[in-house]
Amino acid sequence: MSRRSQDAPLLITALFMSLALLGGGYWLVRSNGLLGNEGQTPPTANPQGGPAPSLSSGEQVLLADSPDKLAAAAAGQAGDPIQAIALLRKSLQQRPNDPEALIYLNNWLAREAPQRTIAVVVPAANLPDVAKELLRGVAQAQAQWNQGDRERSGPKPTWQLRVVIADDSNNPVTAKAVAETLAADPRVLGVVGHFSSTTSLAAAGVYQRAGLPMISPSSTAVTLSGLGDAVLRTVPSDRQAGQALAMVARQQLKLARVSVFYNPKSAYSQSLKTEFVQQFMADGRGQVQLQEMGSEPIDAQRAIGQAQSFNTEGLVLFGERQSQGSEGLVLLGDRSTLPSALAIVEANQGRLPVLGGDSIYSLDLLKLGASAQGTILAIPWHPDLPQSLDFAKAMRRRWGGDVNWRTAMAYDAAQALIQAINQEITQKPDPKPVSGSDLNEAQDPTRSAVKAALHRPDFQAAGSSASVRFANTGDRSLPLVLITVREGNRSGTGFDFRLLNPGP
């Protein structure tokens, strides 16, 4: 365990050692699966009622999967950044694909340099894998900017990026509270997040009133478009995904009747379902059977039976991580319905073609093996795209393997904020430069200036596959990628996500 300075009082030393030991014990319990996904530092009480949002730039751990990372947080709280840096480096040696540790390390390394601050909001408490996917994109962008490594060309920057991580637990009430906390901190110039459409919609009004730019990497609901100039996203909307899947169903698979599974309580699922159904039935010949699925486990065999009674030709699953005779299944649920969507795919046993939204892009789908083979999904990014190859190579070098579309879109969002901030600093430097955390309190660039930069017609930031630019609605024009499940050895399951129609 780490040793405090010999000048520190004995009581402080004992307290620090106790915290580190307790953290190590917590990790041992969690690593054996006894605490499920509760990898979150418990929030403190909120004087205004309810728990306070969990935020950290290194003083606490939101994904408690490493004893050294926990000890580093304790060192940071005790005012020992040198020890925190050493412990984070040790943690990364053991877990090099931990984005939270890398973000905290770069925050501590930048502590004496001029800084600018952004936040990233993730569902750390209950969706830790998704949280890590999003954090890897932001961590990559921060490391490239701060460290000036070979993925970023040009001179070393005159300022460093500080990243605050916030946990909204994928809950709309918590998301709004997180947004209010970030909006109240004048140092925060932009936000990457939120994860789901439901949480982004809940928080959007707060960001708009505060003039704080929010760029979601994964919220696709059509209703986010045009909510205000502070609400943006790097992922295409459900209108594009729904229409693309409908065209595949009608034109490529030649389906006339499909069973669509969706979650009526999810903004994402409802949005995707609406866009798909409108496009699928546009010529008056397509027929759709709607089946609801929620957070409770679905009777997959019964659902398949209902689809068969419709003579369905395909299944469409609009589920998120988490009528007449049918020809296919369409799964369009949300994160909470992922187990039900997977159960339907397994019960189908490959008999009917299956289409789905980006939220069921999951290793769990690949683990279903032959039952999932041929499943078609619409996503915004894939590492096999020719324009993605350089970024995918850099990510493999950093994280030791392939990353998915959520990581790529989070990277693009962070890149956009970095570019917008840097443009304002370059065009209008601080009249009285200061160093360290004091620079975060400077009024230049302001949030309004960063927001305005994002909306300039000539604005662009280098993205994972294409330049990041925003329309007046806050949307981004980015072609959808159609992928399918095929045999392969990349994922370790025997099946991989591959481009549906790869080029020559």
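Begin by selecting Lys254, which follows helix H8 and has a positive phi, near 60°. Helices here (H or I, at least four residues) and strands (E, at least two) are DSSP runs, numbered from the N terminus.

The model is a predicted one, in which local features need pLDDT of at least 70 and side-chain atom pairs count only at pLDDT 80 or more, while totals for chains, interfaces and linings use all residues. Residues are numbered from 1 along each chain as its sequence is written, and side-chain values use heavy atoms, with hydrogens and water left out.

**Helix H8**

Now select residues 238–252, which form helix H8. The expected span of a helix is 1.5 Å times one less than its number of residues. The 15 residues of H8 should therefore span 21 Å, and the end C-alpha atoms are 20 Å apart, which agrees. Colour the buried residues of H8, which are Asp238, Ala241, Gly242, Ala244, Leu245, Ala246, Val248, Ala249 and Arg250. Buried means under 20% relative accessible area, exposed means over 50%, and partly exposed lies in between (1.4 Å probe, protein chains only).

Move to helix H7, residues 197–210. Its 14 residues reach 20 Å from the first C-alpha to the last, close to the 20 Å expected at 1.5 Å a residue. Where is the kink in H7 centred? The kink, of about 35°, is centred on Ala203; the bend at a residue is the angle between axes fitted to the seven residues ending there and the seven starting there. Ala203 is also among the buried residues of H7, together with Ser197, Thr199, Ser200, Ala204, Val206 and Tyr207. The cover over the buried residues of H7 includes strands E2 (115–122), E4 (188–192), E5 (214–216) and E6 (231–233), as well as helices H6 (172–183) and H9 (267–280). Contact means heavy atoms within 4.5 Å.

Just after H7, select Gly211, whose phi is positive, about 70°. Then go back to His194, in the loop between E4 and H7. The peptide bond from Gly193 to His194 is cis, with omega near 5°.

**The loop between E3 and H6**

Select Ser169, in the loop between strand E3 (160–167) and H6. The phi of Ser169 is positive, near 55°, in a residue other than glycine. Asn170 lies in the loop between E3 and H6 as well, and also has a positive phi, of about 55°, although it is not a glycine. Is Asn170 buried or exposed? At 19% relative accessibility, Asn170 counts as buried.

**Gln270 in helix H9**

Next, select Gln270 in helix H9. Gln270 is partly exposed, with a relative accessible area of 26%. Leaving out residues up to four places away in sequence, Gln270 touches Tyr262, Asn263 and Pro264. Select Val222 as well: Gln270 and Val222 are 48 residues apart in sequence, and 9.7 Å apart in space from C-alpha to C-alpha.

Leu454 is found in helix H15 (residues 447–455). At 0% relative accessibility, Leu454 counts as buried. Which residues does Leu454 contact, leaving aside neighbours within four places in sequence? They are Pro213, Ile215, Leu232, Ala416, Leu417, Ala420, Phe459 and Phe470.

Continue to Gly463, in the loop between H15 and strand E13 (481–487). Gly463 counts as partly exposed, at 23% relative accessibility. Not counting residues up to four places away in sequence, Gly463 touches Tyr411, Asp412 and Val468.

**The largest pocket**

Finally, display the largest pocket, with a volume of about 760 Å³. On a 1 Å grid over the protein atoms alone, a pocket is an open set of points where a 1.4 Å probe fits, with protein on both sides within 12 Å along at least five of seven lines; lining residues have an atom within 4 Å of a point. Grid points are joined across faces, edges and corners, and a volume is the space filled by probe spheres set on the points.

The lining has 27 residues, of which Glu133, Tyr361, Leu363, Asp402 and Asn404 lie nearest the centre of the pocket. Helices H5 (128–147), H12 (363–366) and H14 (405–427) and strand E14 (495–499) are the elements that give two or more residues to this lining. By class, the lining has 11 charged, 8 polar and 8 nonpolar residues. Here Ala, Val, Leu, Ile, Met, Phe, Trp, Tyr, Cys and Pro count as nonpolar, Asp, Glu, Lys and Arg as charged, and the others, Gly among them, as polar.
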